[in-house]
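Subject: Handover of a structure and its findings

Dear colleague,

Please find the structure below, together with its sequence. I would be grateful if you read the notes that follow with the model open beside them.

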Amino acid sequence: MDRYILTASLRADGSSLLADGHKWGYFPSVAVAWRMNEESFLKGFDELSNLKLRLSWGESGQSAIDPYQTVGLLGSSTYSFNNDLASGLYPKTMSNKNLTWETTSVFDLGVDFGFFNNRLSGSVDVYKSYTRNVLMNRKIPSTNGYTEVMENIGKTENFGIDVALNSVNIQKKNFTWTTDFTLSHNKEKIKELASGALRDEANSWFVGEAFQVFYDYKKIGIWQLDEADEAAKNGQKPGDIKIQDTDGNGEITPEDRVIYSKRPKVTFGINNSFTIHDFEFSFFIYSRLGQWIDYEFNRGYKPDGLENSSNVDYWTPENPTNNFPRPNRFYGFGKTRYSSTLKYEKGSFVKVRDVTLAYNIPSKVLASLGLGRARIYATAKNFFTFSSIDNYDPERGGGISFPMTKQLVFGVNLDF
């Protein structure tokens, strides 16, 4: 078996979606690998089944934008013309004749390993990527005649670790137990904006932070009766939303807003499979930790009581909660001061995504029926979720119009 491996490639891609002079991109890559377990100094280590060290670098490009972004599109509308209704066209999207490839360069250092005849195996990868000419829609003042434009807006950096482990825990004649484990950590941050600015608040883009963030004040509770004097300093009363004074200057200003990341810090999954005679049982645990979500249910609270409202724990003198502000017949949700802070929830969760029980009908029985294989199974999906949000699966991301569905599936697999 080859101990040293070298591969290299050069890819050329063309896209008619991009601007003239920028339609072609060229993306090289190179990778080396070393099968260390083939070296003589490891030959005596019988427990080692595989050990491979990998190092690679490569570039890739993407041009996933709508057609004609470089020239702009027209939209149809109706107008009043000499007191009659007339149809016409208007500029719908802003053109950008400089759109080019979004290009990502990735460095990856990895190791594949196996022990005890691969009863325990896996891989670890550490990577760092740099993306330039990021393609995104940028919000712009409507005085331009448009509200957004597609641009190459800057540069980003990603650092991450991926771990995969596979183990055969028990392997007997009539009983087998295997476990598969994966873990990923990724830290994304904007390195540079095309404008040269350090922040673009209209788009919630900040140098040093990820692209997908919320930027808003932070609710730390509800003003209580014994805090009336302190609340009054900010023009508030007991029962109103209490905001964190981030800069500690004694007053709440726009500078007190904080950044909430939509990206999880860690994602992991664990799958366990058991085989007992002709029975199979498996369950898959999945988790995302460290992200925030915009929880639509919280935005359904109606302080004025004029419409049906979400059933929430709101403040009253008899119920001094720190969850939701007091009812107020003069103000709805949108006019309630700092009401936007109510929608942010910690989106971390651990869930049992899949549980399956199956029975393989013995071959002796199948022979008389003319079948090669018959398997009867039942699967439960998304039945058990653990998070800080009651009766909601945060994997959906905050929306409640189309929640994650719980499924119970029964089936039969037949091979003739």
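A salt bridge is a side-chain nitrogen of Lys or Arg within 4 Å of a carboxyl oxygen of Asp or Glu. By that criterion, a search of the whole structure finds 25 salt bridges. Please bear in mind throughout that this is a predicted model.

Side chains of opposite charge can pair when their charged atoms come close.

Another salt bridge joins the side chains of Glu395 and Arg353, with 2.3 Å from N to O. Glu395 is in the loop between strand 23 and strand 24, while Arg353 is in strand 22, so this pair ties together parts that are 42 residues apart in sequence. Glu395 has a relative accessibility of 16% and therefore counts as buried, because buried means under 20%. Arg353, at 25%, counts as partly exposed.

Asp354 and Lys381 also meet through their side chains in a salt bridge, at 2.9 Å from N to O. Asp354 lies in strand 22 and Lys381 in strand 23, so the pair connects parts that are 27 residues apart in sequence. Asp354 is buried, with a relative accessible area of 18%, whereas Lys381 is partly exposed, with a relative accessibility of 28%.

**Strand pairing and a hairpin**

Let us turn to the strands. Strand 3 (residues 48–62) and strand 6 (residues 102–115) run antiparallel and are joined by 14 bridges. Within this pairing, Glu59 stands opposite Ser105 of strand 6. Which strand is joined to strand 6 by 13 bridges? The partner is strand 7 (residues 120–132), and these two strands also run antiparallel. Val106 has Ser129 in strand 7 as its bridge partner, and Phe115 stands opposite Leu120 in strand 7.

Strand 6 and strand 7 form a hairpin with 4 residues between them. In its turn, Phe116 has a positive phi of about 55°. Strand 7 pairs in turn with strand 10 (residues 154–171), in the antiparallel sense and over 13 bridges. There, Tyr127 stands opposite Gly160 in strand 10.

A network of salt bridges links Arg54, Asp108, Asp112 and Asp125.

**Nonpolar residues, inside and on the surface**

In soluble globular proteins, nonpolar side chains tend to be buried together. The largest nonpolar core in this model has 12 residues: Tyr217, Ile222, Ile241, Ile243, Ile252, Tyr301, Val312, Trp315, Phe324, Phe333, Tyr338 and Leu342. A second, separate core has 7 residues, including Leu18, Leu99, Trp101 and Met150.

Ile222, a member of the largest core, is worth a separate look. Not counting residues up to four places away in sequence, Ile222 touches Ile241, Trp315 and Phe324, among others. Its contacts also include Glu227, Asp240, Lys242 and Asn323.

Some nonpolar residues form a patch on the surface instead: Leu6, Val30, Val32, Leu53, Leu55, Leu109, Val126 and Phe159, with about 650 Å² of accessible area together. Strand 2 (24–35) and strand 3 are the elements that give two or more residues to this nonpolar patch. Leu55, one of the patch residues, lies in strand 3. Leu55 is partly exposed, with a relative accessible area of 47%.

**A buried loop residue**

Where is Asn234 placed? Asn234 is in the loop between helix 1 (228–232) and strand 16 (241–243). With a relative accessible area of 15%, Asn234 is buried, because the limit for that label is under 20%. Leaving aside neighbours within four places in sequence, Asn234 is in contact with Ile252, Arg337 and Tyr338. Ile252 and Tyr338 are also listed among the residues of the largest nonpolar core.

With kind regards

Notes: Residues numbered from 1 in each chain as written. Predicted model: local features only at pLDDT ≥ 70, side-chain atom pairs only at ≥ 80, totals over all residues. Heavy atoms only, no water. Buried < 20%, exposed > 50% of the residue type's maximum accessible area, 1.4 Å probe, protein only. Contact = heavy atoms within 4.5 Å. Pairing = 2+ DSSP bridges. Core = buried A, V, L, I, M, F, W, Y, C linked by side-chain atoms within 4.5 Å. Patch = residues over 30% accessible without salt bridge, like charges linked within 9 Å, V, L, I, M, F, W, Y side chains within 5 Å. Areas by Shrake-Rupley, 256 points an atom, 1.4 Å probe, with all protein chains shown as cover.
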